[in-house]
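Thanks for coming. I will go through one model today, helix packing to begin with, then the sheet, then the ligand site.

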Amino acid sequence: MSVFIVLLGPPGAGKGTQAKVVSQRMGLPHISSGEIYRENIKNQTALGKLAKGYIDRGELVPDDVTIAIIQERLSRPDCKPGALLDGFPRTPAQAEALERILLQFKGDVAIVPYISVPEDVLVSRLIGRWTCRAGAHVFHEQFNPPQRTGTCDYDGSELYQRDDDKFETVSHRISVYLQQTLPLIEYYKMQGKLFEVDGTLPIDQVSSVLLEELSRIVTG
Ligand code: AMP
């Protein structure tokens with residue numbers, strides 16, 4: 001049986017950090033739409049050029065573009081056992097498209113962990129965030145500092161501040177989330193798939209709560 005997990009939460013909730021831990025522990029590929037876009041921007045592909053304007057403004061890349069890249073990614077053989085989706089879906093149209101895509105593989109969304117964090121905490125988390133160039137590991141100058149300033153603890157690569165983590169863009173990203181992504185909480189709650197985790201808990205504790213619930217679902 002394949003296991004598709006959708007990780008939901010506002011920007012700055014810690015989805016990327018948790019997705020890395022969970023995907024590794026569960027042996028599932030970690031699919032981050034934001035990461036796919038950042039890779040394409042770095043490699044200056046046509047997709048990267050198209051996405052960059054939206055991302056820099058803190059807006060969502062249009063649904064048809066995002067749905068197509070996720071469909072292509074999910075059709076690769078490594079997703080046969082399932083996948084952990086981080087940052088997709090972000091709109092009701094994307095959630096419906098995901099169901100159609102998974103149906104083609106006779107799969108379905110198994111569980112939707114929702115990492116909740118109050119709005120006022122998000123801004124300070126995002127503007128202090130530093131991301132590594134090689135593996136997209138994430139640190140925070142105050143809440144989760146690297147051992148050496150400017151260097152990733154895991155792979156030694158340089159840490160940088162994402163353009164869309166700058167103050168001007170952060171509040172816009174949060175309002176885009178509230179308008180376009182928040183309806184998904186209700187959508188998945190109605191389907192009985194939502195599992196809410198308190199994202200203000202320490203990182204390790206959030207991971208254990210998540211892993212415990214996920215293993216219960218998988219071993220069912
Ligand atoms: P993230 O790394 O998930 O915070 O994504 C960074 C940016 O990439 C977002 O602010 C959007 O501009 C874009 N992006 C990522 N995922 C999606 C998506 N599912 N739909 C539309 N745009 C997305």
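Helix α5, residues 92–104, and helix α8, residues 183–190, have axes that come within 9 Å and cross at roughly 35 degrees. Helices here are DSSP runs of H or I with at least four residues, strands are runs of E with at least two, and both are numbered from the N terminus. Axes are lines fitted to C-alpha atoms, for helices over the stretch in contact, with angles from 0 to 180 degrees between N-to-C directions. This is a predicted model, in which local features need pLDDT of at least 70, side-chain atom pairs count only at pLDDT 80 or more, and totals for chains, interfaces and linings use all residues. Residues are numbered from 1 along each chain as its sequence is written, and side-chain values use heavy atoms, with hydrogens and water left out.

Back to the pair of helices. On the α5 side the contact (heavy atoms within 4.5 Å) involves Pro 92, Ala 95, Glu 96, Leu 98 and Glu 99. Their counterparts in α8 are Pro 183, Leu 184, Tyr 187 and Tyr 188. By class, that contact has seven nonpolar residues, two charged and no polar. Nonpolar covers Ala, Val, Leu, Ile, Met, Phe, Trp, Tyr, Cys and Pro; charged is Asp, Glu, Lys and Arg; the others, Gly among them, are polar.

Next, the sheet. Five strands form an open sheet in the order β2-β3-β1-β4-β8, with parallel pairing (at least two DSSP bridges between two strands). β2 (30–32) and β8 (194–198) are the edges, each with a single partner strand, so one side of each has no neighbour in the sheet. From one strand to the next, the twist averages 20 degrees. Three bridges join β2 to β3, residues 82–86, and Ser 32 stands opposite Asp 86 in β3. Helix α4, residues 63–74, lies across β1, β2 and β3, at about 165 degrees to β2.

Finally, the ligand. What surrounds the ligand? There are 16 residues with a heavy atom within 4 Å, and the closest are Ser 33, Arg 38, Glu 59, Gly 87 and Gln 94. Helix α2, residues 33–42, gives the most to this shell, with four residues.

For polar contacts the cut-off is 3.5 Å between N or O atoms. A ligand nitrogen lies 2.9 Å from a backbone N or O atom of Gly 87. For Arg 90, a side-chain N or O atom is 3.0 Å from a nitrogen of the ligand. The protein covers 95% of the 480 Å² of accessible area that the ligand has on its own, by Shrake-Rupley with a 1.4 Å probe.

Technical notes. Polar contact = N/O pair within 3.5 Å; in protein donor to acceptor, adjacent residues only side chain to side chain.
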